Amino acid sequence: MAVSYVAVVAVAVSLLLLLLVSWKRWRQGRAKWHVIIVVLGDVGRSPRMQYHALSFLKSGFSVTLLGFCNSRPYDELLQNNRIQIVSLTELQKLPVGPYIFQYGVKVVFQSVHLLWKLICREPAAYIFLQNPPGLPAIAVCWFVGCLCGSKLVIDWHNYGYSIMGLVHGPSHGLVVLAKWYEKLCGRLSHLNLCVTNSMREDLAENWGIKAVTVYDKPASFFKETPLDLQHQLFMKLGCTYSAFKARSEPVDPATERSAFTERDAQSGLVTHLRGRPALLVSSTSWTEDEDFSILLAALEKFEQLILDGESLPSLVCVITGSADLGVCLHKSSSGLDLPMKVVDMFGCCLPVCAVSFRCLHELVKHEENGLVFKDSEELAAQLQMLFSKFPDPAGKLSQFRKNLRESEQLRWDESWKQTVLPLVMET
């Protein structure tokens, strides 16, 4: 009787193991061409992770993208039937309790919420996670990967603790805890990507993490704007903003004129106006590692030069759009990441003046595709030099733009296929 009982148990256990193996193989078969991408932030303001999603889709994968849906993602993602965008709930600031308590509640809520959302998804070969923010996402994604057989890939854009340090100071308890957490949990990943060689070296030397550099590259839709489209934009903006309106009326009432361009009524040809203002652009991510006071102080010095009799054009400064010069004020909290806004500007063949920090040389080549400055004094001097004979086809500004046009910049899709795709297909 005992022997029969043992035999039954053995058969039952064998069948259970067989079912588990079959179930695991079934899940692995389904997961092979599925990737989950996690952004514990606003998806619409996370272009690099959207680029990852698009590249996976173009390579035949299906994608689940999890994140906060505060702003609209790219239309190319929304129109693809092989991607599912899953909205995460963002916990609003609690009206009571000290900051430490509020932060603790937020971390616990995000942990449980993210765990539930991931568990409910179809099995995936990889979980791609943007860091920062990585607290608590790294640990949660690793745990789900262990349960579901998914490999964790961390894309290091920066260090979360360094950004927290800008607000609280580097010695604050939360900052110290966040650094320990990132260093410990960062080693749990199967694969690590990062945005600069400087960050790759820092991860290896100080954290014991081996990473592959995947530079930010402009997407294919970032291109130099044709003059005709520039004119349409200026005319549209002129209806709302006086800086874009024509300073004087054309002789022919049928001629369209903005502050920068003019469309001939007979031929329809668009040309730049003589004596037009220069257009300066400076995108911003509105984070603590950008200091707009540098730009404002430089513009005050530039204006004083004009008042002192210097032959310089008027400047129109905008946050985004077609322009003659871009200005970047991103310093990087860690000194190890690069400003994506400059990548996009270069994609549009727009020269840039950028504030100096540790690894900027990996993107901005001083005196080749732009200029690097340390403070408002240097920026003001650069603006004076670049615009002293504006618009001069032989000037430094035109030469920078020519260099960008001739550089045949590698775009994101080509770069991704060369660096990321082989990594995920090998493992």
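A polar contact, as I use the term here, is a pair of N or O atoms within 3.5 Å, where one must be able to donate a hydrogen and the other to accept it.

**Entry 1: the whole chain.** I am looking at a predicted model. I looked up its overall extent, and the C-alpha atoms fill a box of roughly 110 × 55 × 45 Å along the principal axes. Next I checked the secondary structure and found 14 helices and 15 strands. Of the 427 residues, 47% are buried. I also looked at contacts with a separation of 6 or more: 66% of them join residues 24 or more positions apart.

**Entry 2: the domains.** I noted two domains, with domain 1 covering 32-215 + 413-426 and domain 2 covering 277-409. Their C-alpha centres lie 31 Å apart. To the contact, domain 1 gives 17 residues and domain 2 gives 13 residues.

**Entry 3: where they meet.** How much area is buried between domain 1 and domain 2? I find about 1,200 Å², with 61% of that from carbon and sulfur atoms. I then searched for salt bridges across this interface, and the rule finds 0. For polar contacts, the count is 8 residue pairs between the two domains, both residues at pLDDT 80 or more.

**Entry 4: the domain 1 side.** Which elements give two or more residues to the side that touches domain 2? I wrote down helix 2 (47-58), helix 6 (160-168) and helix 8 (197-207). Sorting the residues of this side gave me 9 nonpolar, 6 polar and 2 charged.

Terms used. Residues numbered from 1 in each chain as written. Predicted model: local features only at pLDDT ≥ 70, side-chain atom pairs only at ≥ 80, totals over all residues. Heavy atoms only, no water. Domains from an automatic or database assignment. Contact = heavy atoms within 4.5 Å. Buried area = accessible area lost by both parts, 1.4 Å probe. Salt bridge = Lys/Arg side-chain N within 4 Å of Asp/Glu carboxyl O. Polar contact = N/O pair within 3.5 Å; in protein donor to acceptor, adjacent residues only side chain to side chain. Helix = DSSP H or I, 4+ residues; strand = E, 2+ residues; numbered from the N terminus. Nonpolar A, V, L, I, M, F, W, Y, C, P; charged D, E, K, R; others polar. Buried < 20%, exposed > 50% of the residue type's maximum accessible area, 1.4 Å probe, protein only.
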